[in-house]
Amino acid sequence: MEQPQLKAGPITFSKPSKKVVSRRSSKILKHKLALMGGIFVAVLILLAVFAPLIAPYSPIRQSYAEALKPPSSAHWFGTDTLGRDLFSRIIFGAQVSLKAGLISVGLALLIGVPLGMISGYFRGLWDDLIIMRVTDAMLAFPSLILALTLAAVLGPSLNHAMIAIGLVFTPNFIRLVRGEVLAQREREYVTAAKASGLKNVHIMIRHIFPNILGPIIVQATLNVAAAIIAEASLSYLGLGTQLPTPSWGAMLAEGQGYLQQAPWISIFPGLFIFVAVISINVFGDGIRDWLDPKIK
Amino acid sequence: MSIMSDPSVPEKILEVKDLKKFFYAHKGLIGNHRQEIKAVDGINFSVFRGETLGIVGESGCGKSTMGRAILQLQKPTEGSVTFEGIELTRLKNHKLRKLRKDIQMIFQDPFGSLNPRMTVGAMLKETVQTHHVVKSNETKEYVENMLEQVGLKKSFYSRYPHEFSGGQRQRISIARALAVKPKMIVCDEAVSALDVSVQAQILNLLQRLKKQYGLTYLFISHDLSVVKHISDRVAVMYLGQIVELADKKEMFNNPLHPYMKALLSAIPLVNQESRERIILKGEVPSPLNIPKGCRFHTRCPFAKAICSEKVPELEEKKEGHWAACHFA
């Protein structure tokens, strides 16, 4: 074995090692990705809001002469079985899909986070035990069947589908938040906050909540994606968006029978779901890092 | 101090009587086989206004649990804690919260005891506002002054905890405790996590603040030299009980309990001939399985038959010098 030789000579300061550089550049890359995700989300929201101004055709105008046309300059994304312009339908579909994704997850957050925090923080019989058993029971059900039942009971409409999806996603947040709170409440800063005489509610909101926000954001962004798909499934079964209102999920399902002859019917809505989901995830990740004073 | 009180008889600010804190460990699948862990097992002492009472003991002897039980951060299993005549163990939550203004705590871990997501200013501000220490429009100025009082810069107000060193963080903890104008502070291993040079700075700061604000300290530490430096009186804990309590000088010059004698004999001397070293046998017994009789008899070099049968009471052997030993 040869020993590395130490040579006498002037001390030189080497450039930062490759590892440091790559770590730094990966941070910048992540930052850029998050920014791009944010821009994409913003663009999608703008598309949804200004759909009537942007869409070249009416999303429900049918024309049998133009059915199953591949993408062309007249119809950028082609047309579906009824000759409707897919580009226009996707733009209008953004309204439904984004609304379904954001509102149902918002509902799940609104119910799930406080319940999870109470359950994890107080750990009493009534709060913890009962909340958790109900949560377990809900999680034991296949989520789509549960959403289906709820939506069926409430009656078929987009609003009811969003409520059903929101309720079905709530247990995920209760479990996650409870677990995070259980970990945080044993940390010494919580004991210190108690010792300085702060109220429990104040400790939960001002101290614990900011510390568990990261995982909540990640879970929420993932669930927005799942909610878009869930809304699509419900719409496919006739319990969500009612025909002929377009939604990405429903369009994806409509194209299913024509994958051989006219793949564009499914590909474009699928692509938009994909892009929306990725952008929301990346954007959520960026927000989480931005909220952490250590990473900023 | 009030005019009424006789200065020769010091006033008790905190009185702890028969304090016990047990934890339960469940064994086996069926929960009826449970074991008691007697972390704190019947502690009696008083703290006088204006003094520093040091509590010393090796790790695992229950001193931190005792500190938390006194502050009701962990509900005591039994016993009473009286602070300025108010019994804390049965106090309603909202009254206890108000009372926390008077008795604050500084924690061991300077990295864990500050919320990583809050600025120093926000942290201090919220306790000051909760206890209405100053008018709300004066809060910021007050907090900034507090930071200067503990040797930090005003500009640290809007910084986050991770930007500071251990010593600076402990100063922040001290500022937070001090900001509500407490009467007493429980320091739970407040300097143990710090470098020796920083320890000295923090100890000196604590002593300066004590004089300046007329504070009373309950100072919990495993470090004999730290306790010796800062305390007026010292109590020694072993396996959840106090085995000896005396004036600092008396304790270090003339220890009565064999445990304290052994501990002191382990300190190397610089300028004297080496004294006889008392070497203890074995290890501290588990608090799950506390020896019968005197709980120190399994390791005591002077143990006799009576020690394994009869529990020695904490008795006043000399004026102000208490020990729990049959032969002291």
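A residue counts as buried if 20 or more other C-beta atoms lie within 10 Å of its own, as exposed if 12 or fewer do, and as partly exposed in between. The legends below refer to a predicted model.

**Figure 1. The loop around L68(A) in chain A.** L68(A) sits in the loop that connects α2 (51–54) and α3 (86–122) of chain A. Because 15 other C-beta atoms lie within 10 Å, L68(A) is partly exposed. The phi of L68(A) is positive, about 55°, although L68(A) is not a glycine. Most residues other than glycine have a negative phi.

**Figure 2. Overall make-up of chain A.** Chain A contains 10 helices and 0 strands. Read from the N terminus, its elements run α-α-α-α-α-α-α-α-α-α. Of its 296 residues, 40% count as buried. Among the contacts in chain A between residues at least 6 apart in sequence, 68% join residues at least 24 apart.

Figure 3. Helix α4 of chain A covers residues 125–140, which makes 16 residues. From first C-alpha to last, α4(A) reaches 21 Å, close to the 22 Å expected at 1.5 Å a residue. The helix is hardly covered: among its 16 residues, the count of buried residues is 1. D136(A) is part of this helix. D136(A) counts as exposed because it has 12 C-beta neighbours inside 10 Å. D136(A) and N172(A) are 36 residues apart in sequence, and their C-alpha atoms are 9.8 Å apart in space.

**Figure 4. The kink in helix α8 of chain A.** Helix α8(A) spans only 46 Å between its end C-alpha atoms, whereas a straight helix of 37 residues would span 54 Å at 1.5 Å a residue. A kink of about 55° lies at F209(A), shortly before the proline P210(A). After α8(A) comes G238(A), with a positive phi near 85°.

**Figure 5. The contact between chains A and B, seen from the chain A side.** In this contact, 17 residues of chain A meet 23 residues of chain B. The elements giving two or more residues to the chain A side are α7 (188–195) and α8 (200–236) of chain A. Of these, α7(A) gives the most, with 6 residues. By class, the side of chain A that touches chain B has 6 nonpolar, 5 polar and 6 charged residues.

**Figure 6. The two assigned domains of chain B.** The domain assignment of chain B gives domain 1 (12–231) and domain 2 (255–328). Taken over C-alpha atoms, the centres of domain 1 and domain 2 of chain B are separated by 29 Å. Their contact takes 8 residues from domain 1 and 7 residues from domain 2 of chain B. On the domain 1 side, strand β2 (residues 34–48) of chain B gives the most, with 5 residues. By class, this side of domain 1 of chain B has 3 nonpolar, 3 polar and 2 charged residues.

**Figure 7. The open sheet of chain B.** This open sheet has 4 strands in the order β2-β1-β4-β5 of chain B, with antiparallel pairing. Its edge strands are β2 and β5 (86–87) of chain B, each of which pairs on one side only. Strand β1 (residues 12–26) of chain B pairs with β2(B) in the antiparallel sense over 12 bridges. E15(B) stands opposite S46(B), which is in β2(B). Strands of a sheet pair through backbone hydrogen bonds, either parallel or antiparallel.

**Figure 8. Strand β6 of chain B and its partner β7(B).** Strand β6 of chain B covers residues 103–106, and both of its faces are covered. I103(B) and M105(B) lie on one side, Q104(B) and I106(B) lie on the other, and all are buried. β6(B) and β7(B) run parallel and are joined by 4 bridges. Q104(B) stands opposite I185(B) in β7(B).

Figure 9. E189(B) is placed in the loop between β7 (184–188) and α6 (196–213) of chain B. E189(B) counts as buried because it has 20 C-beta neighbours inside 10 Å. The phi of E189(B) is near 50°, a positive value in a residue other than glycine.

Terms used. Residues are numbered from 1 along each chain as its sequence is written. Chains are lettered from A and ligands numbered from 1 in the order in which they are written. This is a predicted model: local features need pLDDT of at least 70, side-chain atom pairs count only at pLDDT 80 or more; totals for chains, interfaces and linings use all residues. The expected span of a helix is 1.5 Å times one less than its number of residues. Two residues are in contact if their C-beta atoms, placed from the backbone, lie within 7 Å. Ala, Val, Leu, Ile, Met, Phe, Trp, Tyr, Cys and Pro count as nonpolar, Asp, Glu, Lys and Arg as charged, and the others, Gly among them, as polar. Domain bounds come from an automatic or database domain assignment. The bend at a residue is the angle between axes fitted to the seven residues ending there and the seven starting there. Two strands pair if DSSP finds at least two bridges between them.
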